[in-house]
Amino acid sequence: MIAGQVIWLSACANLPYYAQAIDGHFDVVRRSQPISTIIANPNTDQKLKHSLSKVVQLREFASRELKLPDNLSYTSYADLERPYVVWNVFASPELSLKLKEWCFVQAGCVNYRGFFSQAKAERYAEELRSEGYDVYVGGVRAYSTLGWFSDPVLNTFIGYSELDLARLIFHELAHQVVYVPGDSSFNESFATAVEHEGVRRWYESNGTTLEQTVLNARQEREAVFTGLVLRHRKRLLELFQSDSSDAEKRAVKARIFDELRDEFLRLKTEKPEFSVYDRWFAQHLNNALLATVSIYTQLLPAFQSILMQHDKDMERFFDAVTKISKLPRNERNSLLQKAAEGSPHWTVVER
């Protein structure tokens, strides 16, 4: 989640939402303590101490090897006494895959609205459902303030495996490098590319052969899952753009979601390791849920191609992405499309 929207609200934001966002964020700040202090405390739980020590290593690696910002983010820890820090609400029209946008100062327009209270998120979701939207509410374990504040490590994710801790820290720090107001797919796909490269390098430097094998298998599994979802999302897009009646679209939409679930069940029968996605498929499948997958992966091939074309040099990669981020949206998307296709003729025109 990009949490700039939680703090820097637009003038049209209603006062209760503004208040919960400010109160929620500063509650996180108030609970934060330096990791060094917690580790030095002899009364600190040994499991927590071990996890925080791993965070210290990952944080140093992020700055040294990935050239991510060397600041105070992820050098403190806060226990929020709940499983998620924020709950995001996503909404899409019944017969469209375009996510509803909410606009904020600094963050621009984003495809979700975040709440520090699950009850408030669910109430807002019900309002949107009553207006006919497909809605998805997802708990979020971490967020970035885009460098405006020093983001702490949270109890909501400190129990993650080493792999998932690495992914989260690298991903969230990447948002502090490049952020385009109003372009969630650009921001999240870029951060995902940094995350993937970061964990690959981390395990090359610190992992065993077995751990690297597990990482490769997981990334391959994620690619299959993403491909499965996006294929059916493409079918929905074609359906919604067709001349069929709304009644026909609703019927075919339901069938596409049934076929998506059936294809997953067949895949899981052949490859039981895909049962890790049981929880995702146990949810009510709708347009909003599918769209959340595409946000993080839609432009990933383009960024991975740009990284390869810059010999995996992170500073050169960040410089190229920064230049791309300053282009008008149409030019930006056209260039990224060429990069994803492996075209050697894409260039960034200096402005």
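1. Phe190 is buried, at 0% relative accessibility. Buried here means under 20% relative accessible area, with a 1.4 Å probe and protein chains only. Phe318 is buried too, at 7%. This is a predicted model: local features need pLDDT of at least 70, side-chain atom pairs count only at pLDDT 80 or more, and totals for chains, interfaces and linings use all residues. Residues are numbered from 1 along each chain as its sequence is written, and side-chain values use heavy atoms, with hydrogens and water left out.

2. The structure holds 21 aromatic pairs. A pair needs ring centres of Phe, Tyr or Trp (its six-membered ring) within 6.5 Å; planes over 60 degrees apart make it edge-to-face. Phe190 lies in helix H8 (residues 184-206) and Phe318 in helix H14 (residues 314-325), so the pair ties together parts 128 residues apart in sequence. Helices are DSSP runs (H or I, at least four residues), numbered from the N terminus.

3. Phe225 and Phe281 are both buried. Their ring centres are 6.2 Å apart and their planes stand at 85°, so this pair is edge-to-face. Phe225 belongs to helix H9 (residues 209-240) and Phe281 to helix H11 (residues 278-281), so the pair ties together parts 56 residues apart in sequence.

4. Look also at the cluster. Ring pairs link Phe225, Phe264, Phe274, Tyr277, Trp280 and Phe281.

5. The charged end of Arg113 sits over the ring of Tyr124, 5.1 Å from its centre. Arg332 lies over the face of Phe186, 5.5 Å from the ring centre. The cut-offs: NZ of Lys or CZ of Arg within 6 Å of the ring centre and within 35 degrees of the ring normal.

Methods. Phe/Tyr/Trp six-rings, centres within 6.5 Å; stacked < 30°, edge-to-face > 60°. Helix = DSSP H or I, 4+ residues; strand = E, 2+ residues; numbered from the N terminus. Buried < 20%, exposed > 50% of the residue type's maximum accessible area, 1.4 Å probe, protein only.
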